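Take a moment to look over the chains before reading on. The paragraphs below go from the contacts between chains to the inside of one chain.

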Amino acid sequence: MSEHESAKSPLKGYFAVWIALLVGTGVTVYAATLDLAPYNAAVALGIATIKATLVTLFFMHVWHASEKLTKLVVIGALFFLLLLLGLTMTDFATRGWS
Amino acid sequence: MPDSSAATGLHAEAHNPALLHHFAEPQQQRDAASLGMWVFLATEVMFFGGLFCAYLIYRRLYFGDFAAASKTINMGLGATNTAVLICSSLTVVLAVWAAQTARRTLLITSLIITMLLGLVFLGIKGIEYREKFVEHHVPGASFSFDKVPIPGHPGQYADPHHAQLFFSLYFVMTGLHALHMIIGLGIFLWLLIMAWKGRFTPEWHTPVEIGGLYWHFVDIIWIYLFPLLYLIDRHP
Amino acid sequence: MPQPERENYLNKHYGVWSWLLTTDHKRIALLYLISITFFFFIGGFFALLIRLELLTPAGDLVQADTYNKLFTMHGMVMVFFFLIPSIPAVLGNFLVPMMIGAKDLAFPRINLLSWYLYIIGGVMMLHCMLTGGVDTGWTFYAPFATNFTNTKIVEAALAIFVAGFSSILTGLNFVVTIHRMRAPGMTWSRLPLFIWAHYATSIIQLLGTPVIAVTIVLVACERALHLGIFDPKLGGDPLLFQHLFWFYSHPAVYIMILPAMGVVTEIIACFSRKRIFGYSFVAFSSIAIAVFGFLVWAHHMFVAGMSVYAALVFSLLSYAVAVPSAIKVFNWTATLYKGSIHYDAPMLYAFGFLGLFTIGGLTGLFLAALGINVHVTDTYFVVAHFHYIMVGGAVMGYLGGMHFWWPKISGKLYPEGWARLAALIVFIGFNLTFFPQFLLGYMGMPRRYYDYSHMPEFQILNVLSTAGATVLGVGYLLPMIYFLWSMRYGKPAPDNPWNAAGLEWKTPSPPPTFNFDEEPVVTWEAYNYEQLDAPSKEEVPVAR
Amino acid sequence: MAAHVDALYIFLLIVTGMMTLLIFICLVYFAARFRSRPGVRAEQIEGSTPLEVTWSTIPFLVFMVIFAWGAVVYFKERTPPDDSTEVYVVAKQWMWKLEHAEGQREINELHVPVGRDVKLIMTSQDVIHSFFIPAFRIKQDVLPGRYTVEWFRATKPGTYHLFCAEYCGTQHSGMVGDIVVMEPAQYEAWMNGGSTGPLSATGEKVFAELGCVTCHRTDTQGRGPNLQGVFGKPVQLEDGRTVTADENYVRECILDPGAKRVKGFQPIMPTFQGLVSEEQVNALIAYIKSIAAAKPGEGAKTSASVVAPAQSNGSQVQ
């Protein structure tokens with residue numbers, strides 16, 4: 001894993017991501033105190049997803065260090081998770097339309 | 001347990017003691033280990049996925065009561081916990097980098113800091129649980145949640161049953177997350193011992209990488225738990 | 001020709017600890033074989049009691065709650081402790097490394113842990129059975145299981161929780177092994193289809209089992225603290241339980257049938273001396289079944305109070321998942337065309353599988369059609385449908401596989417005559433048991449009834465079904481007897497008794513501890529029967 | 001109803017029968033024709049993509065036909081006609097309690113006239129049951145805490161089995177009953193035998209007893225909304241959503257008033273959860289339906305005409 005690390009040490013990259021994550025947390029907390037009515041949940045989940053992708057890509061070295069298969073496993077897991085959430089929602093969302 | 005595989009591994013390739021007998025060369029073993037961990041993390045995604053699905057549906061059904069219940073949880077502690085976990089993710093990445101570049105002191109210090117941050121996280125979690133216990137918000141017989149207004153609907157009170165539903169999901173999700181955190185601490189303790197004995201070399205430091213992947217995953221779960229559970233409806 | 005007493009995985013180490021602490025995938029496979037056969041006969045015994053009870057309309061063999069416990073335990077033991085582990089854990093563990101030319105699975109110690117988890121789960125289930133059992137049906141639906149019964153649900157659920165992890169770890173081991181440890185030259189298109197089937201099974205085991213693990217955690221919390229997660233009076237929704245339960249339990253039926261498909265593919269190719277028809281289509285249909293299997297779970301809930309539009313969506317998707325299975329059946333039949341077919345015992349089981357799986361699959365179409373599902377769901381039609389797939393498909397495949405690879409596993413040949421007789425008895429007994437249940441189902445006899453004295457007209461078919469069950473019981477005893485007999489008195493088996501293609505036949509049987517004396521290099525295509533049958537080489541003595 | 005399902009069943013039987021026959025003939029023929037004969041070697045056939053494509057698209061098209069037909073039958077089966085007579089069903093652990101709109105109460109028996117659409121509005125007091133009449137090919141799970149609906153029209157007089165199809169405990173197999181379909185004349189005779197006045201009358205009595213009338217008045221000064229002419233029509237809620245006032249909504253308002261509060265009214269209605277039995281909720285809903293037709297301000301016409309017996313009839317089994 002280490003041989004094709006970028007020439008200069010990746011420390012700068014890690015600290016940048018770290019700062020971004022902390023800022024993200026702050027923004028989420030601040031956004032929650034605003035009254036965005038319907039979009040509150042969407043904003044919160046959006047920021048959380050950005051943070052999660054940051055951690056996955058850089059901290060877990062999915063961005064450049066690992067090979068195609070790891071990316072496939074990550075995307076596959078998310079696909080099946082969305083499957084579970086999405087198809088269950090088809091039932092609960094359409095229950096009122098009798 | 002007699003490590004029969006290590007003994008029989010010797011005659012295969014003597015120079016690397018850590019190479020298990022049934023792998024052709026170290027790169028294959030490292031790839032196998034990291035693929036194994038990634039696939040395990042996929043099962044964990046589905047494990048927490050089931051909980052998120054239950055939470056999503058009940059939040060959609062009883063939004064007002066969930067908002068009222070979520071308002072009683074201490075947001076400040078939750079935010080600090082998130083920051084704590086993010087810092088621990090940073091120290092984990094440093095540890096992995098240190099193992100790659102044979103910086104033994106940095107490796108050991110960052111492992112220790114990670115474990116300390118993990119303990120801080122569990123401490124804050126303990127304070128939160130005690131707070132809930134004092135306010136009788138722990139689901140079960142002693143649960144009481146009457147006359148709590150629903151945010152945004154003055155005069156309307158939350159239904160105690162639905163609030164208990166929120167708290168049972170809250171305790172199950174954060175409890176399982178804390179359990180995974182404890183397992184993570186166990187792994188890092190074992191990593192610390194092996195690092196102390198100097199077992200990790202730039203060629204072979206797979207356990208540190210694997211431990212790092214697991215820790216980052218536990219952090220990602222918390223990154224989603226925090227907004228979903230704590231920040232439903234915080235505007236005044 | 002007498003085999004010189006050569007060192008192999010059976011006689012390399014001796015003593016109890018060499019078995020209980022082994023990390024050799026072949027020994028772990030045998031450990032699984034023993035524990036699975038034990039649970040198979042417990043489940044089978046319960047099945048016989050159920051059938052005996054239904055001989056007479058009035059419930060006079062056992063009381064109501066005993067009957068309820070019988071069918072629940074039959075369901076739980078058979079599904080979680082026999083069908084799900086059977087082919088992957090026994091034949092899969094033994095053959096996956098050998099077929100791809102590896103010395104062992106990627107994580108041998110995790111493989112041993114997986115067996116121990118299975119045994120711990122099994123012991124918990126046995127203890128739960130002996131101290132009162134569970135009477136909720138193997139599906140332990142929400143309001144009844146969580147609030148209206150005080151039988152030992154939490155203990156049975158935790159047993160399944162632990163056994164679930166054994167299944168996850170086996171899946172994990174297989175995926176990593178198949179990806180990382182193939183012998184040089186063993187490209188994906190040269191892999192035997194048995195490996196493709198197990199790869200698809202592992203995907204389901206990995207992505208499905210955790211969801212039922214979470215459901216069990218929620219049920220345990222609900223029962224321990226009366227939280228109301230699924231209790232409608234406290235705001236919970238029983239349908240949510242059914243969604244989470246069936247999200248795993250439907251793909252679980254594909255965990256049970258896919259390995260059997262893999263076994264049958266190998267057997268049909270070998271005994272018709274032919275390459276499989278449309279190799280890539282059969283391979284990708286396994287993966288398609290694994291992925292589509294996750295889209296269709298709510299066809300178990302059409303009448304459960306789900307919204308009409310969701311039922312539409314799931315019915316449509318259920319038809320999409322039927323197509324890959326149809327492709328496989330057509331390809332198997334096409335493989336027989338212009339082959340030179342031998343009728344050894346494994347081939348009889350493969351024919352049995354083909355016939356019964358076709359009927360099972362097609363009755364699935366009845367159940368997926370919304371209009372008919374309303375009438376036939378929760379009746380004996382459903383019971384017959386899934387027994388045709390599970391017993392007609394998975395168990396036939398399992399027995400076929402056991403016969404096909406028995407020489408490789410034990411180094412001994414089983415008695416061919418007895419084996420063909422057993423195959424015939426199983427086939428006849430099976431059809432006699434379950435075909436009448438299709439008629440019973442359409443006539444409207446509901447499931448899980450211990451006393452149908454209110455509708456005596458169902459008795460004749462039930463008597464037929466019970467008669468079939470006894471024949472089936474005898475049919476299952478025979479293989480166990482002559483397999484054990486062959487361990488002691490069987491003729492020693494040559495390396496490749498069936499002259500089959502595949503890396504596992506290139507090594508002596510029983511194989512040495514590290515499977516291959518020298519590292520195999522694969523230079524030939526998947527099913528190269530033309531090279532194997534080529535007259536130029538001296539004809540390998542095919543044992544009869 | 002049964003005819004449609006049977007037609008689809010027979011169609012499917014033919015299709016799958018042909019498919020099974022096709023495969024079995026191939027199996028037997030290939031097995032016999034290509035037996036291994038000494039000297040004859042198998043011919044290696046790689047496979048043919050066009051053949052594969054054909055035998056995956058053709059079955060898929062056939063499946064789509066079956067799916068569409070099944071969906072049509074399902075929709076017809078799931079949408080009860082508007083004018084059907086209503087029967088309230090309460091499933092309890094191991095018995096069916098049925099209640100006609102006209103007030104008859106029955107246990108495990110349902111008398112219906114021939115040729116009339118009957119709509120069953122069902123709920124359960126404990127676990128999930130399932131109302132299954134094999135002869136009419138209908139089945140619908142009965143869920144606790146919610147109404148599920150099922151309908152049928154009997155075309156031939158006779159007695160038909162009624163089963164509980166969802167496992168519900170020890171006496172699950174004891175929860176059987178009969179649907180007695182009678183000629184209209186016989187039905188009328190049976191009706192007069194045990195009538196206790198329409199369910200809506202009992203509903204009106206309960207409406208008064210529980211003090212609902214103090215807030216829900218027929219004029220506009222009431223603290224609660226005037227319920228006349230409300231049932232079946234859209235209702236504007238406090239948080240902006242509009243909901244059609246169907247059985248489930250009325251039931252939720254009784255048991256959990258805060259959930260969907262009507263626009264412009266204070267949330268002072270207490271919850272009746274645990275204070276009111278399932279039968280009383282059914283009666284209240286029947287009453288609110290009965291005043292749906294009345295114009296606001298005009299006295300509820302049912303209360304004047306019926307002679308409400310002072311005490312509910314003897315046959316009520318609690």
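How many residues does the contact take from chain C and from chain D? It takes 72 residues from chain C and 70 residues from chain D. Two residues are in contact if their C-beta atoms, placed from the backbone, lie within 7 Å. This is a predicted model, in which local features need pLDDT of at least 70, side-chain atom pairs count only at pLDDT 80 or more, and totals for chains, interfaces and linings use all residues. Residues are numbered from 1 along each chain as its sequence is written, while chains are lettered from A and ligands numbered from 1 in the order in which they are written.

Five pairs of chains touch, and chains C and D have the most contacts among them. On the side of chain C that touches chain D, helix 11 of chain C gives the most, with 14 residues. Helices (H or I, at least four residues) and strands (E, at least two) are DSSP runs, numbered from the N terminus. By class, this side of chain C has 43 nonpolar, 18 polar and 11 charged residues. Ala, Val, Leu, Ile, Met, Phe, Trp, Tyr, Cys and Pro count as nonpolar, Asp, Glu, Lys and Arg as charged, and the others, Gly among them, as polar.

Chain A and chain D do not touch, and their nearest C-alpha atoms are 8 Å apart.

Now turn to chains A and B. Helix 1 (residues 11-33) of chain A and helix 4 (residues 75-100) of chain B have axes that come within 10 Å and cross at roughly 170°. Helix 1 of chain A is therefore roughly antiparallel to helix 4 of chain B (the term covers angles over 145 degrees). The contact has 12 nonpolar, two polar and no charged residues.

Chain D has eight helices and 12 strands. Strand 1 (residues 85-92) of chain D has six of its eight residues buried (20 or more other C-beta atoms within 10 Å of a residue's own). Strand 1 pairs with strand 5 (residues 117-124) of chain D in the parallel sense, over seven bridges. Two strands pair if DSSP finds at least two bridges between them. Strand 1 also pairs with strand 2 (residues 95-100) of chain D, in the antiparallel sense, over six bridges. Strands 1 and 2 of chain D form a hairpin with two residues between them. In the turn, Trp94(D) has a positive phi of about 85°.

How values were computed: Axes fitted to C-alpha atoms, helices over the stretch in contact; angles between N-to-C directions. Parallel < 35°, antiparallel > 145°, perpendicular 65-115°, else oblique. Buried ≥ 20, exposed ≤ 12 C-beta atoms within 10 Å, placed from the backbone.
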